[in-house]
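Dear colleague,

Please find below the structure that I am handing over to you. My notes on what was found in it follow directly after.

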Amino acid sequence: MTPPPPGMKSPPAAIKPPPAGGSPWRLAWRRLARSRATLAFGGLFLAVVMLCLLAPVYAREIAHTGPNDNHITETVKVGGKTLEVVSPTGVPIGPTWHSRFFLGADANGRDVAVRLLYGGRNSLEVGALATLITMLLAVLIGVLAGYFRGVTDGVLSRLLDVIWAFPPILLGVALGVALAVGGLDLGVVKLHSGSLLLPALIVGVVFVPYVARPLRGQVLSLRRREFIDAARVQGHGHMRILASELLPNLTSTIVVFIPLMLANAILLEAGLSYLGAGVQDPNPSWGTMLAEGIRLTPGAIHLVLVPGLMLVAAVLGVNVFGDGMRDALDARA
Amino acid sequence: MIKRSRSSGWLSPFLAIVLAALLVAVFSACGSSSNSSSSTTNASDAGGVTASSPTLTVLMGTAPDSLDPALGASTQSYEATWLAYTGLVTYTHASGAAGAELIPGLATALPTISADGKTYTFVLRKGLLYSNGQAVKASDFAYAIERAIKLGWGNKQFLTGYIVGAEAFDEGKAHSISGIKANDATGGITVKLTAPFGPFLNVLAFPAAGLVPASTPMKPLPNDPPAGVGPYMITHVVPNQSFDMAGNPHWAAEAIAGIPGGHSNIKVNIVSNNQSAAEQVLNNSADVFDWNDTVPGTLLGQVHAQASSRYAQEPTVSTEFFFLNTQAKPFSSQLAREAVNYALDRRALSRLDGGQLTPACYLLPIGMPGHPNGPCPYGDPSAAPNTTKAKELITQSGMAGTSVDVWSEPHPPHKEYADYYASVLNAIGLKATVKIVAAAQYPATIGNIKNVNPQTGWIAFSQDFPNPVDFYQLLDAESISPTENHNLSQVNDPHIQSELASLSPVPASKLNSVVPRWQALDEYTAQKAYIAVLGYDNVPKFTSERVDFGALVFHPVYGNDWSTLQLK
């Protein structure tokens, strides 16, 4: 089996029968509850999500500005002093620790804190959508390829090979740059170049093989098990076997993959946006904020530190939580 | 010339690290030789650069579009090629207005021009040699012009539009240009024009009109540029990374008056991160910062504190503006165009450019004959904008809510301009989104009416030659083309066309007599709000400590004159 991408842990190899004393889910929950680190990092990720969801409230009630509002020639009062948001030589103000420009401004005089939260919304939204796309496509492909084998497996596996042949970041950049100007027009489906669905689609498609491959392997193993034979003997059709026998046995694997893919999707989105192939200007994302900030470092280091730390918090949170879930769901762990 | 800027900075951190490592290795390995070469400047003063002359490192943010003179049309290309491909005429190697003066290059004198302004007669200097040792012939001039046309030089319209038979040659209807006659025996060269064109001599001063041997292949040679006549020759081209300017071994004997022989070998490195480039020059690990780039505001304080004696801001004859497509909504409405001009806060745009932009409203910049002196029609560009008026105009125009794509490229501050501009358009009632295209593809993308037809976007234009005709090709209806469109606002104004027809033939020597008419035309253009001018660029002249900062000429057409670059 091809190894999973960097940062992703292997899924549980097989589902063990439930030990006496509770269902597998109940046991998993007990294990999860015992892991304080898992809960703490899950909480950290949840906190980041909550903060980002509150972005409009923060912008309206506290910062009194939107994420794309420029304040280049304006001034702000800090501790009785009147400071320029952007100096005449183009240096933005640093953190004021007050309601306006709490985390400073960027080169366009935009409130970094507001953009950070809105950027987080965009990053998480893209990450979540991408994960959804990845999981839907990967489950579909993995299950069909593993269950039907033969020609179906051959065609689908070669398709995965094609995607897998490209490093994710390069494939993402290629797709992102190609679609960044004109958007996507498939006749029925039209996506504007500024739509968040575009980076979500790109990131989602890029990661499909990394989930579909292990799932296919697991389906290949499961389809030889007695309970599948029993279902066939009872005269169940393919769809029923897939829906009622196979998928339930894949659930824990899928559940484990979700946080891991989410972390990877957020990271890839940030990378693509940093390179100009993800979320498009002037919409913020943590990746675009890093790209905008890097040219002003070290003079305005906050422009890099702030989105960078937020990205680390989100990815670390969801990754450690995902690891904990994997351990909890894997009886051997 | 449309100013090209560095490509997207996405690789910049990696490039910076790799480059820094390479520089450390190179300097540590060659430290002794560079020290010894510093003491050889007297030898090079004799006229011409030799292998033992010191080597100075020049940084460029964007690679030249081509180092083949028949193709190169970017500021970065001209900066190098004008020292290696001298034409029949060239510019004085001087700063300021003096640098715009034309002097004989490979011709013995400035040409005689017929009374009708349509025939130019030159005589080629005798005994000239190319950098490869071949003898220069008068007929090589015709070949150089043919080559520039055939290979598609970016400004070939100045040749095909005026030289008799050049258009037919371009279209493949003729094997040579009938309007150019050359006599190798006498050195006589005659150029016939279809109509008088005032700046034609300036056109012949382009490096593209610099002579190359007739044996030069009729194909692009960007990585192995052809032989030329000039103080330098271009060698060791590594695409998108570096190239060298070495002394032309045959130049010293030629010693054309007014063209310095140079003092140093030049190593040009492409560094796409201007922060890194500025730090290298500040720390003396490179010698010259790219004048097309901006020293980041966060470094300016340090530059002023540590390097005030080797940093200056030089005004350039260039204009930055947002084009407004007059053939598409919403800017087909003059009221909408006026609204943009009212709403832009040029002070903000100047800050985005690190304070290097002089707010303005006219297309013709300061330093260009015809620059108007009157007040701007839509408010003082150095004062606060009139957003309220702009909103009213958008409402009156019926364009409120119209979607607008704002085009720009990723290089700072052009992306920041676009973000700011989009926020302004949204604030006055339009619905703007930003489209960023990689720097290398940007001119071709926005110049594509057929497939893209951009509504508005950023562009900068710096003079190709000191004549307002150059700037007005941007609003000349004849410049509109489905691809490679230069008239981005797609202006087709009868008044502009009739004035251009009347003013274009005025020769450079009589340009002063028509300055009031150019001023009136430029005021008319501003009134019609065909473009929204941001301002005029000031650029950094920034060198290392070891460079003689005072001796380095900042040329008004070609920027830093590397032939004047020397050690203290």
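Two residues are said to be in contact if their C-beta atoms, placed from the backbone, lie within 7 Å. By that rule, 27 residues of chain A are in contact with 32 residues of chain B. The side of chain A that touches chain B comprises twelve nonpolar, twelve polar and three charged residues.

Please keep in mind that this is a predicted model. It scores ipTM 0.81 and pTM 0.81. Chain B has an average pLDDT of 88, and 92% of its residues score at least 70. Over residues 4–46 of chain B, however, pLDDT stays under 50.

Chain B contains an open sheet of six strands in the order 12-16-11-15-13-14, with mixed pairing. Strand 12 (357–359) and strand 14 (431–436) of chain B are at the edges; each has a single partner strand, so one side of each is left without a neighbour in the sheet. On average, neighbouring strands of this sheet are turned by 30° against each other, direction ignored.

Within the sheet, strand 11 (residues 311–324) and strand 15 of chain B run antiparallel and are joined by seven bridges. B:F323 stands opposite B:G457 in strand 15 of chain B. Helix 14 (residues 414–427) of chain B lies across strands 11, 13, 14 and 15 of chain B, at about 170° to strand 14.

Finally, B:I449 is located in the loop between helix 15 (442–446) and strand 15 (456–462) of chain B. Is B:I449 buried or exposed? B:I449 counts as buried, because it has 20 C-beta neighbours inside 10 Å. Beyond its neighbours within four places in sequence, B:I449 is in contact with B:P482 and B:N485.

Yours sincerely

How values were computed:
Residues numbered from 1 in each chain as written. Chains lettered and ligands numbered in written order. Predicted model: local features only at pLDDT ≥ 70, side-chain atom pairs only at ≥ 80, totals over all residues. pLDDT = per-residue confidence, 0-100. Nonpolar A, V, L, I, M, F, W, Y, C, P; charged D, E, K, R; others polar. Helix = DSSP H or I, 4+ residues; strand = E, 2+ residues; numbered from the N terminus. Buried ≥ 20, exposed ≤ 12 C-beta atoms within 10 Å, placed from the backbone. Pairing = 2+ DSSP bridges. Axes fitted to C-alpha atoms, helices over the stretch in contact; angles between N-to-C directions.
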